[in-house]
Amino acid sequence: MPELVLDWNKYREAAISAAAEGIVMLRNEGEALPLKRGSRVALFGRMQTHYYKSGTGSGGMVNVSHVTDIREGLASSPSITLDPELMDIYDKWDNENPTDEGLGWGQEAWSQVEMPVDPSLAETVASRNDAAVIIIARTAGEDRDNTPEKGSYYLSDSEEAMLAAVSAAFERTIVLLNVGNIIDMSFVAKYDIKSVLYVWQGGMIGGSAVARIVTGEVNPSGCLTDTIAASLSDYPSNDNFGNKDIHEDIYEEDIFVGYRYFSTFAPSKVLYPFGFGLSYTSFELKVTGFVFDGKNVKVTADVENTGDVPGKKAVMLYASAPQGKLSKPARVLVGFAKTGVISVGGNEQVEITAPIRAFASYDDDGRTGLGTGFILDAGHYSFYLGGDVTTDLEAGSFDIDAPLMVEAVTNAMGPTKAFKRMTAVPSDNGFVQGYEDVPLLKEDHLASRLSIVPSEIAQTGDKGIKLSDVKHGKNTLDEFIAQLSDEDLCLIIRGEGMGSFKATIGTAAAFGGISKELMEMGVPTLCCSDGPSGMRIDSGKKAFSLPNGTCLASTFNVDIVEELYTYLGIEMISNKIDSLLGPGINIHRHPLNGRNFEYFSEDPLLTGLMACAQVRAFEKNGVTPTIKHLCGNNRETKRRESNSVISERALREIYLPAFEIAVREGGARSIMTSYNRVNGIYSANNYDMNTIVLREQWGYTGIVMSDWWAFIGVTGGDTAEHSLTDHSVMARSQNDIYMVCSNVERKCLDEADTYKELTEGDGSRITRAELQRNAANILRFAMNTPAMDRICGNAAEIKHIDDPFKDDDVSVDPDMVYDLEDELVIDRPEKTWADRDFVFGVTPQKQGFYEMEMIGSCELNSLAQVPMQMYISSIPFAVVTWNGTDGKDISLKNEVLFLTRNGVMRIHFSAPGVKLKKLILKYTRPFTEPEKY
């Protein structure tokens with residue numbers, strides 16, 4: 001039985017190091033930073049004590065024991081002193097003006113109301129301090145896009161007033177942006193601000209990382225993963241993003257996303273280019289070697305620290321390809337490297353290898369005369385080495401005499417709707433924008449699907465073969481699958497959740513061996529948890545919250561990300577979780593996408609290599625990430641109804657490569673499809689995507705799951721009909737698992753169409769051989785999981801060192817679950833009455849509203865107030881305030897809505913004093929979809 005060690009001190013240090021390395025310094029006039037030893041610092045902005053550790057929604061809902069905010073991080077530094085009087089002023093105002101946390105899913109405020117700062121206050125504080133540090137904070141997330149409004153993408157009036165007052169009073173003003181995504185940066189030129197840093201959302205230890213950078217303990221080396229333009233309207237996707245009335249985004253900008261657009265057409269509209277990031281020191285790069293061997297470009301360079309302090313340097317390699325028959329952007333990132341800490345006067349050699357696929361172009365209509373696929377046009381190829389995309393240090397070049405096919409690829413996934421896409425037209429001053437008709441899809445791969453389906457395996461009935469027998473080589477997988485009945489085949493493609501009590505309580509889903517019969521055959525019950533910035537466990541179980549995706553990608557350091565996620569993988573095993581739902585590897589197509597905090601970059605190569613680092617880290621210990629959302633999921637507004645209309649070339653060069661890299665280079669074995677349609681077809685049943693591209697062209701052999709309660713397309717096109725129960729067409733596309741169903745047992749077979757279509761249909765929607773293929777995908781995955789190790793008696797033992805959650809009294813096992821019919825009465829044992837969260841599971845038999853009566857007492861006097869927060873699956877739905885009762889029992893009532901069969905309820909008291917003794921739930925009325933709740 002293997003032993004794994006989880007040293008929480010090293011885990012925490014790895015997180016702080018990654019968060020610090022991801023911080024991007026955009027401005028540092030007059031060496032305002034780092035703060036000199038002995039500096040007296042005035043901290044402005046109410047969010048100094050309300051740090052956003054992550055964005056909102058499933059990607060950030062990690063229950064933590066403590067968040068180190070920026071004030072705490074700075075206060076812990078012995079080299080500076082924070083102004084105590086100003087902190088007292090903020091604390092008093094904050095207590096009188098509570099933050100708006102929002103109730104319900106996707107209802108969080110993008111920002112909080114800021115404390116007014118009178119110029120006289122700023123001047124008084126400036127007279128006794130050396131520097132001002134201002135915190136600006138933003139959040140957004142799932143189902144919650146940013147908006148082009150003040151307090152979201154733009155600064156609020158109160159924030160502008162604070163910047164004006166403070167920067168006028170102080171000679172040294174520093175702005176820290178605690179955000180998940182880039183925001184409007186026009187304020188930098190309006191005020192006398194000396195330093196500006198994107199400190200991102202660094203997880204539960206974010207404040208410590210900020211302090212290390214600001215005080216100079218760590219030299220900043222993060223670089224932007226997106227282009228920051230002067231105006232939101234400068235982004236080429238702006239006119240085709242998130243229109244809530246149309247439900248369709250036409251990707252007219254095509255391959256010209258982010259820096260690909262700005263470097264080609266609009267360099268003057270850029271405030272801060274992709275790859276930009278300042279340091280406290282300076283570096284000089286010298287190219288020492290350039291080799292092109294026909295398959296790869298290899299560049300070696302010497303990086304010398306020419307400044308005054310040690311530091312790290314991100315080195316990026318860009319390619320400039322010739323304009324031939326295929327239009328191309330001026331620059332494309334083809335590789336990068338990150339140095340270690342280079343001492344003053346020291347140097348380090350870096351080597352970057354770029355395969356020719358990295359700078360090949362996709363010909364989606366055969367215009368080069370070589371067929372469809374990735375090609376190199378004839379002409380001159382130049383390569384540039386440096387930091388941001390504007391670098392002019394040429395690393396080398398070569399010429400190609402004739403077009404070269406790098407990888408022939410059959411058309412798939414292309415659009416059926418005509419539109420025009422952007423092209424680059426050479427001019428005397430570079431390039432101007434042109435447009436051309438997009439090539440439309442001609443091949444119907446679905447029509448010939450049965451030609452690549454393996455032969456049907458003759459059913460034998462139960463022969464006593466367990467899945468462990470297959471794992472240990474006693475039997476073949478086909479022999480095991482032959483035992484599966486039609487009922488088993490229809491149930492193994494369903495996941496159960498959210499909060500299935502067959503797996504770790506409070507997680508996203510159980511899948512694999514969920515039904516009684518599959519469990520008896522030794523198929524493990526697998527568990528997945530929401531991610532990617534840590535485990536979401538809705539029971540209230542504490543977990544470690546990691547830096548967000550944009551912060552991690554800004555490190556340009558795959559090694560530091562891999563180290564961090566290795567620790568997370570061990571933490572997952574200790575909580576009986578087999579897969580984390582992340583990383584999200586969609587592209588930052590537009591700055592207002594609410595989930596950009598989860599995703600890495602506007603660049604697919606950087607995104608793919610960051611995903612690979614996480615895959616490698618998890619797989620070291622047998623767990624795995626579920627990379628998501630395949631594909632074109634680049635907005636949150638009306639995401640389930642939206643249609644992403646994208647050329648095949650843009651798919652192949654921008655929106656698919658990160659997934660392809662994660663599969664081919666990283667070995668990913670679990671993928672989640674997206675909610676949206678791609679060219680009219682829902683991702684959950686997109687045959688071209690899930691079978692032709694993913695499996696036939698990329699060689700993927702893992703599982704594919706839908707997003708939770710995803711729409712399945714019954715018909716394609718602009719007016720696609722959809723359902724939640726047409727699992728047959730989902731399965732035939734090789735989206736193997738529908739996430740999620742409320743109950744996966746034989747009595748629920750008729751809750752989806754698969755069994756009827758299999759036993760009574762004509763085979764047009766599903767065949768037994770196809771379901772057996774799905775089962776094989778799932779079972780191959782299941783055999784290589786910690787859950788399977790537990791069945792085989794080979795579960796890893798986890799040795800914890802300095803576990804911060806050792807006193808967490810919430811179990812990962814479902815030992816307190818109640819059936820909820822018309823009425824449920826829960827009498828709490830006296831020992832659980834006070835000073836602890838009350839967590840329990842319920843399985844409502846009816847979806848709808850329930851009256852919740854709470855009986856208890858408060859030992860305090862009648863003037864006392866104790867807020868009580870109530871959550872379902874970590875989503876806050878109510879706050880009830882208890883007044884003191886002098887120990888007498890009273891009854892309080894509230895309304896709660898249950899929409900799923902499995903729910904984890906958590907009741908949390910913000911302060912001690914309340915004894916909650918009894919809880920009564922009574923069904924009152926059904927839920928109707930249009931009702932606002």
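Predicted model: local features only at pLDDT ≥ 70, side-chain atom pairs only at ≥ 80, totals over all residues.
**Exercise 1. Cis peptide bonds**

Work out where Met498 sits and what omega is for the peptide bond from Gly497 to Met498.

Solution. 
- Start with the place: Met498 is in the loop that runs between strand E23 (494-496) and strand E24 (509-512).
- Now the bond: going from Gly497 to Met498, omega is near -10 degrees, and the peptide bond is cis.

**Exercise 2. Positive phi**

Look at Asp143 and Gln734: what is phi for each, and is the residue buried, partly exposed or exposed?

Solution. 
- Take Asp143 to begin with: phi is positive, about 60 degrees, even though the residue isn't a glycine.
- Asp143 belongs to the loop between strand E5 (131-137) and helix H5 (157-169).
- The relative accessible area of Asp143 is 35%. Buried means under 20% and exposed means over 50%, so Asp143 comes out as partly exposed.
- Next, Gln734: here phi is near 70 degrees, again positive in a residue other than glycine.
- Gln734 sits in the loop between helix H19 (727-732) and strand E36 (738-741).
- Its relative accessibility is 4%, so Gln734 counts as buried.

**Exercise 3. The surroundings of Ser647**

Find out whether Ser647 is buried or exposed, and which side chain its own side chain makes a polar contact with.

Solution. 
- Locate Ser647 in the loop between strand E29 (643-645) and helix H16 (648-655).
- Check accessibility: the value is 0%, so Ser647 is buried.
- List the neighbours, skipping residues within four places in sequence: Ser647 is in contact with Asp254, Asp364, Pro415, Phe419, Arg421 and Val438.
- Pick out the polar partner: the Ser647 side chain makes a polar contact with the side chain of Arg421, at 3.5 Å.

**Exercise 4. Lys313 and its partners**

Say where Lys313 lies, which residues it touches, and what the C-alpha to C-alpha distance to Glu348 is.

Solution. 
- Lys313 is in the loop between strand E12 (296-305) and strand E13 (314-320).
- Not counting residues up to four places away in sequence, Lys313 touches Phe283, Leu285, Val303, Ala337, Lys338, Thr339 and Gly387.
- As for Glu348, it is 35 residues from Lys313 in sequence, and the C-alpha to C-alpha distance is 9.9 Å.

Technical notes. Residues numbered from 1 in each chain as written. Heavy atoms only, no water. Helix = DSSP H or I, 4+ residues; strand = E, 2+ residues; numbered from the N terminus. Buried < 20%, exposed > 50% of the residue type's maximum accessible area, 1.4 Å probe, protein only. Contact = heavy atoms within 4.5 Å. Polar contact = N/O pair within 3.5 Å; in protein donor to acceptor, adjacent residues only side chain to side chain.
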